[in-house]
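This briefing walks through the packing and the charge pairing of the structure shown below. Please read it with the sequence and the coordinates at hand.

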Amino acid sequence: MSKIKDRAQKLKMLKANETFQELIILVKDAQIQVFLDKSASSQEIEKARGIIFGLDEIERVIQIGLDAELVYDRESLKK
């Protein structure tokens, strides 16, 4: 199996992992509460924004890996 397929398999398992998904949601929800807290300092808000951007980047990297597998599969069919 190719490196792309191997990586995609791991990413599929991670994306399907209920505990992982719950953790992402839990952390995002905690950061959203910081945004909604009127007493939150600008530093706290900036930290929360950075955490959400980081989590979004993790999700984006997972999707890129899954998309790479689709492209690989399509290219393999053409051969």
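A nonpolar core, as the term is used here, is a set of buried Ala, Val, Leu, Ile, Met, Phe, Trp, Tyr and Cys residues joined through side-chain atoms within 4.5 Å, where buried means under 20% relative accessible area. The model is a predicted one, and what follows describes its largest nonpolar core, its salt bridges and a nonpolar patch on its surface.

**The nonpolar core**

- The largest nonpolar core is made up of seven residues, namely Ala8, Leu11, Phe20, Ile24, Leu55, Ile62 and Leu66.
- Helix H1 (3-16), helix H2 and helix H3 (42-78) each contribute at least two residues to this core, and the largest share, three residues, is supplied by H3.
- Leu66, one of the core residues, is in contact with Ala8, Leu11, Lys12 and Lys15 when residues up to four places away in sequence are not counted.
- As general background, nonpolar side chains in soluble globular proteins tend to be buried together.

- Glu69 pairs with Lys5 in a salt bridge whose closest N and O atoms are 3.1 Å apart; because Glu69 belongs to helix H3 and Lys5 to helix H1, the pair ties together parts that lie 64 residues apart in sequence.
- Glu69 has a relative accessibility of 6% and therefore counts as buried, given that the cut-off for buried is under 20%.
- Lys5 also meets the side chain of Asp73 in a salt bridge, with an N to O distance of 2.9 Å, and this pair links distant parts of the chain, since Asp73 in helix H3 and Lys5 in helix H1 are 68 residues apart.
- Asp73 is partly exposed, its relative accessible area being 27%.

- Lys28 and Glu59 form a salt bridge in which the closest N and O atoms are 3.0 Å apart; Lys28 lies in helix H2 and Glu59 in helix H3, so the pair ties together parts that are 31 residues apart in sequence.
- Glu59 counts as partly exposed because its relative accessibility is 29%.

**Glutamines of helix H2**

- Gln31 is located in helix H2, which spans residues 18-36, and with a relative accessibility of 12% Gln31 counts as buried.
- Once residues up to four places away in sequence are set aside, Gln31 touches Ala48, Ile51 and Ile52.
- Gln21 is likewise found in helix H2, and Gln21 counts as partly exposed at 25% relative accessibility.
- Apart from neighbours within four places in sequence, Gln21 is in contact with Leu14 and Lys15.

**A nonpolar surface patch**

- Ile32, Phe35 and Leu36 form a nonpolar patch on the surface, and together they have about 280 Å² of accessible area.
- Phe35, one of the patch residues, is part of helix H2, and Phe35 counts as partly exposed because its relative accessibility is 36%.

Key
Residues numbered from 1 in each chain as written. Predicted model: local features only at pLDDT ≥ 70, side-chain atom pairs only at ≥ 80, totals over all residues. Heavy atoms only, no water. Helix = DSSP H or I, 4+ residues; strand = E, 2+ residues; numbered from the N terminus. Buried < 20%, exposed > 50% of the residue type's maximum accessible area, 1.4 Å probe, protein only. Contact = heavy atoms within 4.5 Å. Patch = residues over 30% accessible without salt bridge, like charges linked within 9 Å, V, L, I, M, F, W, Y side chains within 5 Å. Areas by Shrake-Rupley, 256 points an atom, 1.4 Å probe, with all protein chains shown as cover. Salt bridge = Lys/Arg side-chain N within 4 Å of Asp/Glu carboxyl O.
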